[in-house]
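Good morning, colleagues, and thank you for joining. I would ask you to keep the structure in view as I speak.

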Amino acid sequence: MEFLQAAQRAALHVSVSQVKLYTRCPKLYEMRHVLGAKPEHRSANLVLGTAVHTALAAYYLALKDGVVLADEEVLEAARQSLEESVKQEPPVLLEEGETVADMQAAAEKLVRAFLAGVERPDEVLAVEAPFYCDVVDPDTGEIIEEQLTGYLDAVVRCGDDIVVLEHKTAARAWSQDQLDFDLQVGLYLAATGAAKVRLQVMTKTRVPKLLVHDLVRSEREQREAVVIVCRVLQAIRAGAFWPAPGWACKTCEYRRQCRG
Ligand code: SF4
């Protein structure tokens, strides 16, 4: 791919998740990454998602060595992650009436949904793999100062295809618009040259489900994703940080500092 070139050099970095965060709420980006403001709490969804990610990483790491973990071992990885996480500061923001035991039960259900529905790849190539890319501005042809970085949940081989696995926990199934336009997918494909991104979404519905989506992006769509990175970085350099109130404010770790 001509607009992202794999390389690691001493440079300023911006991650795919930082770019996504900026597009969601520039003020939140500023508080977290420019001002380094002290967060008021951590969202329960984030802590739960991290526990599930940890368990799935354990599953794929073992599979990389040819070992299929017992369900109980995968569940234990989630339990431990959550147990450790809730002891840390800042405190976890629980819903009214919600307890840590509820979070443990939710994590267990999500991991069980994954284990019941997952299809094993032919080979696991990497787990929680970082990448670093030079970014060539598609409009000017110049390599920008910042390198783009990210963490791939796993990279696997399915038949002849190299596939990037991306895990999400979500309140409900992703909409078609989310599947069609998610920025992360275009950037991961541009960065890795993989055939597709396999999005494995675990839904926090009454009966949690694993929903699997194989996503591709055309070269034009990958180029558009790189343009977004370049323009976001220009906006950050220019100090353009405005609050974008919306659904995320409810659990935002800077809610009081931002909204009063
Ligand atoms: S409270 Fe809302 S508008 Fe303010 S930083 Fe957080 S998400 Fe953005």
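This is a predicted model: local features need pLDDT of at least 70, side-chain atom pairs count only at pLDDT 80 or more; totals for chains, interfaces and linings use all residues.

Strand β7, residues 161-170, is joined to strand β8, residues 196-203, by 8 bridges, and the two run parallel. Another pairing between them places K168 with V201, its bridge partner in β8.

What is the sense of the pairing between β8 and strand β9? Strand β9 covers residues 210-215, and β8 and β9 pair in the antiparallel sense over 6 bridges. Here V197 stands opposite L215 in β9.

I turn now to the helices, taking two packing contacts in order. Helix α3 spans residues 44-64 and helix α5 spans residues 100-117; their axes come within 10 Å and cross at roughly 40°. An angle between 35 and 65 degrees is classed as oblique, and α3 and α5 are therefore oblique to each other. Their crossing is right-handed. On the side of α3, the contact is made by A44, V47, L48, A51, V52, A55 and L56. On the side of α5, the residues are M103, A106, A107, L110, V111 and F114. Which classes of residue make up this contact? There are 13 nonpolar residues, with no polar and no charged ones, where α3 meets α5.

The second contact is between helix α1, residues 16-24, and helix α8, residues 219-237. These helices pack at an angle of about 70°, with their axes 10 Å apart. That angle makes α1 roughly perpendicular to α8. The crossing of α1 past α8 is left-handed. Helix α1 contributes V19, Y22 and T23 to the contact, while α8 contributes I228, V229, V232 and I236. By class, the contact of α1 with α8 holds 6 nonpolar residues, 1 polar residue and no charged residues.

Next, the ligand. Which residues come nearest to the ligand? Of the 14 residues around the ligand, the nearest are C25, P243, C249, C252 and C258. Two elements give two or more residues to this shell, namely α2, residues 26-34, and α9, residues 255-259. Sorted by class, the shell around the ligand has 11 nonpolar residues, 3 charged residues and no polar ones.

Finally, I would draw attention to two details of the backbone. The peptide bond from E89 to P90 is cis, with omega near -10°. P90 is found in the loop between α4, residues 71-87, and β4, residues 92-93. The other detail concerns E128, a residue other than glycine whose phi is positive, near 45°. Where does E128 lie? E128 is part of strand β5, which covers residues 123-135.

That concludes my presentation. Thank you for your attention.

Conventions: Residues are numbered from 1 along each chain as its sequence is written. Axes are lines fitted to C-alpha atoms, for helices over the stretch in contact, and angles run from 0 to 180 degrees between N-to-C directions. Helices (H or I, at least four residues) and strands (E, at least two) are DSSP runs, numbered from the N terminus. Angles under 35 degrees count as roughly parallel, over 145 as roughly antiparallel, 65 to 115 as roughly perpendicular and the rest as oblique. A crossing is left-handed if the near helix is turned anticlockwise from the far one by less than a right angle, and right-handed if clockwise. Two residues are in contact if their C-beta atoms, placed from the backbone, lie within 7 Å. Ala, Val, Leu, Ile, Met, Phe, Trp, Tyr, Cys and Pro count as nonpolar, Asp, Glu, Lys and Arg as charged, and the others, Gly among them, as polar. Two strands pair if DSSP finds at least two bridges between them. A residue is near a molecule or strand if its C-beta atom, placed from the backbone, lies within 6 Å of it.
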